[in-house]
Amino acid sequence: MLEKHLENYSQGSIALLDDTIPFSKYTPLDLSGTNNELSEYNMGNPDSCQEYINEVLKRTSAEVAFGGYLEKRSLYAKEGNFIGSGKTPRNIHIGMDFWAPSGTKVLTPIDGEVHSFKNNTTKGDYGPTIILKHQLAQITFYTLYGHLSLESISELYVGKKFKSGMQLATLGTPAFNVNYAPHLHFQIIKDIQEYYGDYPGVCSADTLEFYFANCPDPNLLLKI
């Protein structure tokens, strides 16, 4: 079972961002619809979203804000590609986000190779995205890295290998990460299906059972 192997991979925390930032400078971030503080901000606007994140970082003396797995968020409500006609809206986040300045290094958490990459330019999507393929105890799985800089995918090729701890990418600006405050979307995927350079990072309540099974909690691996 992949989840058990992810848990057993490392006893300590694994850095996804610049490893000169100590884990003591990480703080949890709540972007759920039940967080009343968000009513004072327009979370769909990158500047207003960044203002809230800066406030959280300041009051916790932190440098990185993180969280979001299975978080039900209202910030997607106005984005057309998150509203299905007559269907349950997609508003449950199935990855883990790390909010930090654009240009921050993104590191590879476990040995892997490039499965695919693409610039997903639809508003509300990932922008530049990389998917790595991994083997752990003879189990194949994938990790997705979204909201990267354009330079991050400029010299990539399918099959390029990355060792654990190597720099994979850097975080993008709102101009390239499709209008979000700078952050990394990180997701573990068991079955990539037919996707290439992309995979859903937000699901609806009626598809949650499938995505919960296919996209394990990233913190099983990272332990942050």
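The model is predicted: local features need pLDDT of at least 70, side-chain atom pairs count only at pLDDT 80 or more, and totals for chains, interfaces and linings use all residues. Residues are numbered from 1 along each chain as its sequence is written, and side-chain values use heavy atoms, with hydrogens and water left out.

- Helices (H or I, at least four residues) and strands (E, at least two) are DSSP runs, numbered from the N terminus.
- Two strands pair if DSSP finds at least two bridges between them.
- Strands of a sheet pair through backbone hydrogen bonds, either parallel or antiparallel.
- Strands β9 and β12 run antiparallel and are joined by five bridges; the partner of Gly-146 in β12 is His-185.
- Seven bridges connect β7 with strand β8 (residues 127-136), again in the antiparallel sense, and Ser-116 stands opposite Ile-131 in β8.
- The hairpin of β7 and β8 has six residues between the strands, and in it Gly-124 takes a positive phi near 90°.
- Strand β7 (residues 112-120) is also joined to strand β10 (residues 161-162) by two bridges, and these strands run antiparallel; Glu-113 has Lys-161 as its bridge partner in β10.

- Two bridges hold the antiparallel pairing of β3 with strand β4 (residues 90-93), where Ile-92 of β4 is the bridge partner of Lys-72.

- Buried means under 20% relative accessible area, exposed over 50%, and partly exposed in between (1.4 Å probe, protein chains only).
- Leu-184 lies in strand β12 and counts as buried because its relative accessibility is 0%.
- Contact means heavy atoms within 4.5 Å; leaving aside neighbours within four places in sequence, the residues in contact with Leu-184 include Leu-16, Leu-17, Met-96, Phe-98, Val-106 and Tyr-145.
- Leu-184 and Val-202 are 18 residues apart along the chain, and their C-alpha atoms are separated by 14 Å.

**Helix α1**

- Leu-2, Glu-3 and Leu-6 are buried in α1.
- Seen down the axis of α1, the buried residues fall within an arc of 100°, so they line one face of the helix; the arc is that of the directions from the helix axis to the C-beta atoms.
- These buried residues pack against β8, β9, β12, α3 (208-214) and α4.

**Aromatic rings**

- Rings of Phe, Tyr and Trp (its six-membered ring) pair if their centres lie within 6.5 Å; planes under 30 degrees apart count as stacked, over 60 as edge-to-face and the rest as tilted.
- The whole structure holds eight aromatic pairs.
- The ring centres of Phe-23 and Tyr-26 are 5.3 Å apart and their planes stand at 50°, so the pair is tilted.
- Phe-23 is partly exposed, with a relative accessible area of 32%, whereas Tyr-26 is buried at 8%.
- Phe-23, Tyr-26, Phe-66 and Phe-98 form one aromatic cluster.

**Cysteines**

- A disulfide is a pair of cysteine sulfur atoms within 2.5 Å, and a search of the whole structure finds zero disulfides.
- Cys-215 is in no disulfide, and the nearest cysteine sulfur, that of Cys-203, is 8.3 Å away.
- Cys-215 counts as buried, at 0% relative accessibility, and Cys-49 is buried with a relative accessible area of 4%.
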